[in-house]
2 protein chains.
Amino acid sequence: MTRAVIAIHGGAGALSRSTMSAAREQQYRQQLHDIVAAGQQILAAGGSALDAVTDAVRRLEACPLFNAGRGAVFTHQGTHELDASIMDGRTLQAGAVAGVSHIEHPILAARKVLEASPHVLLIGAGAEAFAVAQGLEPVAADFFSTPERLAQLLRVRDSNTTQLDHDAAATPLDEDRKLGTVGAVALDLHGNLAAATSTGGMTNKQAGRVGDSPLIGAGCYASNDSAAVSCTGTGEVFMRTLAAYDVAAQMKYAGRSLQQATASVIHDTIPELEGSGGLIAVDAQGNLALPFNSEGMYRGFAYVEGAVEVAIYRDS
Amino acid sequence: MTRAVIAIHGGAGALSRSTMSAAREQQYRQQLHDIVAAGQQILAAGGSALDAVTDAVRRLEACPLFNAGRGAVFTHQGTHELDASIMDGRTLQAGAVAGVSHIEHPILAARKVLEASPHVLLIGAGAEAFAVAQGLEPVAADFFSTPERLAQLLRVRDSNTTQLDHDAAATPLDEDRKLGTVGAVALDLHGNLAAATSTGGMTNKQAGRVGDSPLIGAGCYASNDSAAVSCTGTGEVFMRTLAAYDVAAQMKYAGRSLQQATASVIHDTIPELEGSGGLIAVDAQGNLALPFNSEGMYRGFAYVEGAVEVAIYRDS
């Protein structure tokens, strides 16, 4: 008997210093709740973990509150460069795209790479051409833009630092200091694991910078032998430590539990290199871990027959 | 007392079925010898492992015999897209570029990313702009082209298969079936490890495809705690298995020796996913492993006070 479960995250970061209305916070909680509930239904109907994480990340991309897909942050040049990855724990097949600007749902392009390409990672115009050839609709470059993200770019670019107080972006986590990524992990009723991650990158980032999100083993990993993992945080540190795969490696080679392995990565390995962030992970027994070393992480989960739980802060 | 050592590879693959002159084979052996000897001198003079692997890969890129830099293979579209990565085992700092077409030495661009950028991976035009801003000279897109590689593209593209017999490319390993990458690993007199990898990718590859070479943990990894590793082979399998980091993880978490860990990756993990290729690795004690599961791998190594050894086939 497996304990089918889905978990999602919407990025980790510092608490906002701006005054936020209860209604605004409720928007975040409601979105997290609804996306988890949709994934729960897929799993309850016997759907695959791969389908559940694809659908959850597609919904997170579609929601402008989170830094992926629509609502993605701007590069220094005022453009959007999106990255996504997905991995099937049953087959160890994987797909990813990086630096795409004209695909509405980067996670669907990553899924197409997994299914219909001999490759794992496609970048830039080549990735876009492949996605369109696979039937995904191209979108204009400004499709992802929202007024809130443009204001954020102008604040960060003009000051070349982050600003802590700004009424315009009263959100639970500070948008100018958030480590923005979205992701999902799932265990399905058939005992298979999957993970998916998507991001708009860092506000004001240099064009061409690729973080951990589209890199198998850094921001995303899944194997039925160990765990499914999706990360969010200071991408470069997650890349240098192979954070997602390291969870699996500790379980496989050191015999550590999911709790031990994820705590080691987030509370020891990542801070040692001055990184911060968090991850969500599930193992083949349905154990769940959602550790983070920042002040908060947008997150939610549900077992197939359980209640939907969402949280933003350490305790709630 | 450390046993300072450098090892290099020029790709793994199947033996050529074409008749090759002894003089042609000797060209390969001479190039491998000279590049190892140059790295040996750097280490003997007290140079860093990071400098030794940078220099060795720069020389491998400059040599048209190997698929990296000048002499890189063509994409399906008749262009060149080059990838490279480097990692410093002392600091776990890393730098990489992918999909660059106008940088003479991708490994020098990767080194600049390591030294002068907060990022780890830059792709495409953004990577090229960064490299030029750091003082690297741009080159025209046809700089990397050689008549031999163009003939190879036309053979592979026209047939959509690989051709086994062709007098034009009489080389020790079959150029149309070679898994082309170059790389270097080193341990210096100060006890520090480093690894570097560079490639022109796969002949006839789809534009935008990125393999394992520029990905930290897949085609390149170094940590003083475990080992320095550079891989060559069917890139997608090395990406899905995090081949380079897995060597380090087996040593750290399972207490395996460098020999055991590298044999496990190359002879068990990679073939299980129908991959082939090889790797070169050195640990902090100066132990060396150069396993491959293909018919041959261009390779060479030298300890600081030892002779330069080169080999192509299983036994020589």
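The points below cover a strand, a sheet with its helices, and a helix pair.

1. A word on the model and conventions. This is a predicted model, in which local features need pLDDT of at least 70 and side-chain atom pairs count only at pLDDT 80 or more, while totals for chains, interfaces and linings use all residues. Residues are numbered from 1 along each chain as its sequence is written, chains are lettered from A and ligands numbered from 1 in the order in which they are written, and side-chain values use heavy atoms, leaving out hydrogens and water.

2. Have a look at strand β1 (residues 5–13) of chain B. Nine of its nine residues are buried, so β1(B) is largely enclosed by the rest of the structure. Buried here means under 20% relative accessible area with a 1.4 Å probe, protein chains only. Helices (H or I, at least four residues) and strands (E, at least two) are DSSP runs, numbered from the N terminus.

3. Which strands pair with β1(B)? Seven bridges link β1(B) in the antiparallel sense to β12(B), residues 296–303, where Phe301(B) is the bridge partner of Ala7(B). β1(B) also runs antiparallel to β5(B), residues 182–187, with five bridges; there His9(B) is partnered by Gly183(B). Pairing requires at least two DSSP bridges between two strands.

4. Chain B also has an open, antiparallel sheet of four strands in the order β8-β9-β10-β11. β8 (220–222) and β11 (288–289) are at its edges with a single partner strand each, so one side of each lacks a neighbour in the sheet. Between them, β9(B) (residues 227–233) and β10(B) (residues 277–283) are joined by seven bridges, and Thr232(B) stands opposite Gly278(B).

5. Axes are lines fitted to C-alpha atoms, for helices over the stretch in contact (heavy atoms within 4.5 Å), and angles run from 0 to 180 degrees between N-to-C directions.

6. α7(B) (residues 243–254) also packs against α7 (residues 243–254) of chain A, with axes 9 Å apart at an angle of about 45 degrees. Residues making the contact include Tyr245(A), Tyr253(A), Tyr245(B) and Tyr253(B).

Terms used: Buried < 20%, exposed > 50% of the residue type's maximum accessible area, 1.4 Å probe, protein only.
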